[in-house]
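Hi there,

Here is the structure I promised to pass along. Have a look at it first, and then read on for what turned up.

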Amino acid sequence: MLLNWTVMILYNYFSAMFVGPGYVPLGWTPEKSQDCMYLQYCKVCQSYKAPRSHHCRKCNRCVMKMDHHCPWINNCCGYQNHASFTLFLLLAPLGCIHASFIFVMTMYTQLYNRISFGWSSVKIDMSAAKRDPRPIIPFGLSAFAASLFALGLALGTTIAVGMLFIIQMKVILTNKTSIESWIEEKAKDRIQYYQTGETFVFPYDMGSKWKNFKQVFTWSGIPEGDGLDWPVRDGCHQYSLTIEQLKQKADKRVRSVRYRAIEDYSGVCCPVTKGIKTFFTTPCTEEPRIALSKGDLILATRGLKHWMYGEKILDSAADGGIRERGWFPRKCVEKCQYDSETDQPVDGEKKNR
């Protein structure tokens, strides 16, 4: 049984790794040219982003139904390998629970044969068993320590990977991805901030957990659809989610603030020369850092107390469409004064939309 767990875990792990999530074809455009107005354009892939797809900086491609980039499989989790990845997250804890049971019973039976209970003390003899027959494999102090260490690893894996499995099942049963859950939360914040009175309904939730489940898990192992066109619930537009993404992108531009670099920054993760607080409060994320030179212009979209995230403003003719985005220390920049011709207001953004 333990070998069966191992085979199934490795099969789904390598399937998720080598099958991959599926990528939007390079140069892809929708069948109807008028639908391009509802989609974002990817300058790297030179194509439009299909509904539910996102560009991955690690894979350097637009991924269909992207959930996240997983470093453990060195690939994205998306349309084609979402089922294999989720099954791996299920089978790994089950195999570890089985292994934990074996470790616990082994240590219990071996220690039971070596412990003598007296009226005033308990004596443990790890050198030899008091009962016959003797164990086939000698169980000494080193074997006990190794078993205890393996038990800790098995329990830790069960808890950590099991939590990831629960998170994945929550988004699968609502037919969402982790990114789409975040987009839905931002949609609620945008509507509340501007008080538009509109209601955002996630278009891909079929209204039934079983129907949402079948969108990912099938008997053939091949997910439904082609990864480009998706069924939507009644009353929703085919591009409801992409239209909301365009609104959020425009809102980000409105709320963004322009900064100018006053110090050089090399782009290291934990800069020593920028202060102790900056060093110890570096963002715990895989998002990149951007190097700054004195005089560079940055359009900041979000920030922490000692760090900010934004995009460097480059010459569009010279950069070839490449965007430099990432984190940088707050103390390296200063806010630019408002310029009515080129800049956006930097203070007191009003609810004017």
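A salt bridge here is a side-chain nitrogen of Lys or Arg within 4 Å of a carboxyl oxygen of Asp or Glu. Please keep in mind that this is a predicted model.

With that cut-off, Lys312 and Glu324 qualify, because their closest N and O atoms are 3.3 Å apart. The two residues sit in distant parts of the chain, 12 residues apart: Lys312 belongs to strand S11 (residues 307–312), while Glu324 is in the loop between helix H8 (316–319) and strand S12 (325–329). Lys312 is buried, at 11% relative accessible area, whereas Glu324 is partly exposed, at 32%.

How many salt bridges does a search of the whole structure find? The total is 10. Here are two others to look at on your screen.

Glu198 and Lys247 pair through their side chains, with an N to O distance of 3.3 Å. This pair also links distant parts of the chain, 49 residues apart, with Glu198 in the loop between helix H4 (178–194) and helix H5 (209–214) and Lys247 in helix H6. Glu198 is partly exposed, with a relative accessible area of 30%, and Lys247 is partly exposed with a value of 30%. Glu198 and Lys247 also belong to a network with Arg190 and Glu244, joined by salt bridges that share partners.

Glu287 and Arg302 form a salt bridge as well, at 2.7 Å from N to O. Glu287 lies in the loop between helix H7 (276–280) and strand S10 (297–303), and Arg302 lies in strand S10, 15 residues apart. Arg302 counts as partly exposed, at 36% relative accessibility.

Next, the surface. Lys43, Arg57, Lys249, Lys252, Arg253 and Arg325 form a positive patch there. Which helix gives the most to the positive patch? That is helix H6 (residues 240–255), with three residues. Arg253 lies in this helix.

Finally, the start of the chain. Helix H1 covers residues 2–19, and its end C-alpha atoms are 25 Å apart. At 1.5 Å a residue, its 18 residues should span 26 Å, so the two values agree. The buried residues in H1 are Trp5, Ile9, Asn12, Tyr13, Ser15, Ala16 and Met17. Just after H1 comes Gly20, which takes a positive phi of about 80 degrees.

Happy to go through any of this with you.

Best wishes

Notes. Residues numbered from 1 in each chain as written. Predicted model: local features only at pLDDT ≥ 70, side-chain atom pairs only at ≥ 80, totals over all residues. Heavy atoms only, no water. Patch = residues over 30% accessible without salt bridge, like charges linked within 9 Å, V, L, I, M, F, W, Y side chains within 5 Å. Areas by Shrake-Rupley, 256 points an atom, 1.4 Å probe, with all protein chains shown as cover. Lys, Arg positive; Asp, Glu negative; His and termini not counted. Charge placed at Lys NZ, Arg CZ, Asp CG, Glu CD. Helix = DSSP H or I, 4+ residues; strand = E, 2+ residues; numbered from the N terminus. Expected span 1.5 Å × (residues − 1). Buried < 20%, exposed > 50% of the residue type's maximum accessible area, 1.4 Å probe, protein only.
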